[in-house]
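Work through the exercises below with the structure open. Try each task before reading its solution.

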Amino acid sequence: EDYIFIKNSGVLVKINLKEILWIEALGDYMTINTIEKKYTIHSTMKMIESKLDPHKFIRVHRSSIISIDYITSIEDNVVILGKKLITVGAVYKENLMKRLNLL
């Protein structure tokens, strides 16, 4: 699938996966940051991760999943998506480096 539906204010909203920049955890809630909007839903990282294409998304921290397509650069333990800086957890760094198309 190239989309997911989320419940937002009692309404089901369709989100195209290609529009998702990153997802971050806020306790029992997740914030899905898209090109146009930000959505907060009640879910777990594990549940969201299972719905995403593993070739397009990667977990880089206990509380962050990013879209590989929107990575601008990586400096030390920080992934940069446009103007957003996202910390890469030590546990996830090796997997991130394996997934990148390094020369």
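The exercises go from the whole chain to a single residue. Keep in mind that this is a predicted model.

**Exercise 1. Fold layout**

Task: State which pattern of helices and strands the chain follows along the sequence.

Solution: 
- Start with the inventory. The chain holds two helices and ten strands.
- Now read along the sequence. The order is β-β-β-β-β-α-β-β-β-β-β-α.
- The C-alpha trace spans about 45 × 25 × 25 Å along its principal axes.

**Exercise 2. Surface and charge**

Task: Find how many positive and negative side chains the chain has, and how far apart the centres of the two sets lie.

Solution: 
- Take the surface. The chain exposes about 7000 Å². Carbon and sulfur atoms supply 52% of that area.
- Take the interior. Of the 103 residues, 34% count as buried.
- Count the charges. There are 15 positive and 12 negative side chains.
- Compare the centres. The two sets are centred 3 Å apart.

**Exercise 3. Serine 43**

Task: Decide whether Serine 43 is buried or exposed.

Solution: 
- Locate the residue. Serine 43 sits in the loop between β5 (38-42) and α1 (45-51).
- Apply the cut-off. Buried means under 20% relative accessible area. Serine 43 has 14%, so Serine 43 is buried.
- List the neighbours. Leaving out residues up to four places away in sequence, Serine 43 touches Asp28, Tyr29, Met30 and Ile48.

Terms used:
Residues numbered from 1 in each chain as written. Predicted model: local features only at pLDDT ≥ 70, side-chain atom pairs only at ≥ 80, totals over all residues. Heavy atoms only, no water. Helix = DSSP H or I, 4+ residues; strand = E, 2+ residues; numbered from the N terminus. Buried < 20%, exposed > 50% of the residue type's maximum accessible area, 1.4 Å probe, protein only. Areas by Shrake-Rupley, 256 points an atom, 1.4 Å probe, with all protein chains shown as cover. Lys, Arg positive; Asp, Glu negative; His and termini not counted. Charge placed at Lys NZ, Arg CZ, Asp CG, Glu CD. Contact = heavy atoms within 4.5 Å.
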